[in-house]
Amino acid sequence: MSRIIDSDLENRLREVDDGDPDYVSMRRRIVEEAGRRRSGWKEVTPAAGRTVGRKWAFPAASAALACAVAVGVLAWQPDSDPDVPAPSYGAPAGQSLEASAVVDGVKLTLNSAVQGHFEGTRLAAPERKDRLAMQMSLSGLNVPNAEYAGFGSGRLIDLDSGKSKELTSGAYFDLRTGMDSAKLAEGDWTKEGETRRLRLEMDDLYVIRRHEAALQGKLQPGTEYKVPSLPGTSVLLTGSEWDKDQGLLTLTYKLQGAEENASASYPESLSIESKTQLLLNAGSKAIEPTSGTWNGNEVNCSYQLYDMSEQERQALTLTYSYAETVRKIDGSWKVDFTLDGSKAIDRAVAITPENAAEIEQKTGWTLGEAVVGAYGVSLPIEREPQNREPHDGLVLYYQKQTLVSEGAEFGTGEYQGGPLQLISGQAGQEQQALSFRILSADIRSLKTGPLSVRLQDAVVLRQAPGDFWTPLAAPRQEEQNADAELPDGSALHHRYLREGDDLKVVTETKDRLQLLEGTVLKVNGEVRKPDKNSSYNSYREQGDYRIDIYKNVPKDAELELGLGLYGQVDPSLNTEIVLRK
């Protein structure tokens, strides 16, 4: 388990404000960081502020979208990829400082600071306020088997005026991957040609590791499970609910005994790493929750089990995961430094792509000038009129996008302008954008050296042949099956049943397809589309899964099932946009 995004979810993912939301993007933005820091645990704090009830979300679930909405990530991104490249670190951006303080043999070093903001194109919702990203590191922390460290609180102080600003959630370090961290401080802390004397002050360092204890017995509501390694602690499973369409198992339980309020003793910076967690065991595989809420000692959490049979679900067992403090250092680390605006401030530059003609020939995209800065990169994409209307062969987007610089790679990008608007009746937007917002821990200089955007697995719009129809037997209240195969060999598996006056159709494919419009239905020869308000796609790691609802379908009607516009993944269109050689 590890923190995914620091600094209060990177200050709400730096307050992206885009009027074209697509909820898959909200999930993907955080999944990218999950792939980098391993293990998929993150907390999403509601935009209205903290309440007694808390929420967390994880990258593998459609349920995580609801939590991500609260963050305000309103850009569009394709589905997640487990092989997101891990950023590597090159030349630091901003001002190199190397100022430090030592408490009880542990040194906190402020390595560098960069003031700026994401300066994307209009569609990419550029930020209007500067932030100061302070990149720091720990040394001298000799604690065997330690996994995480976090400060209880922190602040940035102007030594001349005496004014200070609290840093949200202290600072967090994942000791398994290194002892580097970063914090964001809002505001213009310096100006061009100006210097300011500042102090970074961090209080009380907590060092923890996690343990797992197997719980005896099968998964059964009403059962109380003793935690063998924690005398007096138990887990009371109060409820279990299975959602077949979502492939989602939701458990509710209560923590009892010594662990009931254990997380309250840890600082906010370690609120995720210190939180107790209930894991599912499927044989030797451990399954973490994908979303959840907690209120005191009462927890509600969900698990994605969409490829698991009923028999496998019945055999699930539980593991209790919890934190232990292995060292706590009381004290205050006071790091004094001088912030020089001429060195610390980073402003973006415009770069013309060097192979724009090649990209246009391959994709139909006309590239504008990229906006490149330490806080991110944004690349405008224009479509000619013929490419703003849906047609077979139209390149919609790429599933994998990676920003590649000298010694570093960053994935994954966000699409602004909504490529899927092209098939949703909202076509006509002339410009789109592909952007990379770089998190504070990963900020580095992008103003020199090679820079490119690697694009993999194009999603190309396809239309099924006019005779692609599958007859359906008269629907019943019991589920029936119907299979179909597209001309390219891609297989579709349909399940359908009657729900009152409506027809429910579930379509699943393991092939590299995106069921963009879902199915279409012939009712006595008349073609109908599914109800927009009640039809949706459910996340799958491979292929796609779609639920379509058709309203008021006559019981004695002759029915045939077809396919609306869909996306086909085409690796042959892989390419790389060269911004700078």
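A polar contact is taken here as a pair of N or O atoms within 3.5 Å; within protein, one atom must be able to donate a hydrogen and the other to accept it, and residues adjacent in sequence count only if both atoms are side-chain atoms. The model is predicted, so local features need pLDDT of at least 70 and side-chain atom pairs count only at pLDDT 80 or more, while totals for chains, interfaces and linings use all residues. Residues are numbered from 1 along each chain as its sequence is written, and side-chain values use heavy atoms, with hydrogens and water left out.

By the polar contact criterion, the side chain of H211 is paired with the side chain of E324 at 2.5 Å. H211 lies in strand β10, which covers residues 195-218; strands (E, at least two residues) and helices (H or I, at least four) are DSSP runs, numbered from the N terminus. Contact means heavy atoms within 4.5 Å. Residues up to four places away in sequence being set aside, H211 touches Y320, S321, Y322 and E324. Although H211 and Y322 are 111 residues apart along the chain, their C-alpha atoms are separated by 5.5 Å. H211 is partly exposed, because its relative accessible area is 26% (buried means under 20%, exposed over 50%, partly exposed in between, with a 1.4 Å probe and protein chains only).

An open sheet is formed by four strands in the order β28-β37-β33-β34, with antiparallel pairing. Two strands pair if DSSP finds at least two bridges between them. At the edges of the sheet are β28 (470-472) and β34 (526-528), each of which pairs on one side only. On average, neighbouring strands of this sheet are turned by 30° against each other, direction ignored (axes are lines fitted to C-alpha atoms, for helices over the stretch in contact, and angles run from 0 to 180 degrees between N-to-C directions). Strand β33 (residues 519-523) runs antiparallel to β34 and is joined to it by three bridges; K522 stands opposite V527 in β34.

T470 is located in the edge strand β28. T470 counts as buried because its relative accessible area is 13%. Leaving aside residues up to four places away in sequence, T470 touches A482, D483, A484, L559, E560 and L561.

Further antiparallel pairing involves strand β38 (residues 566-570), which five bridges join to strand β27 (residues 451-462). In this pair, V460 stands opposite Q568. Strand β32 (residues 513-514) also pairs with β38 in the antiparallel sense, over two bridges, and Q514 stands opposite G567.
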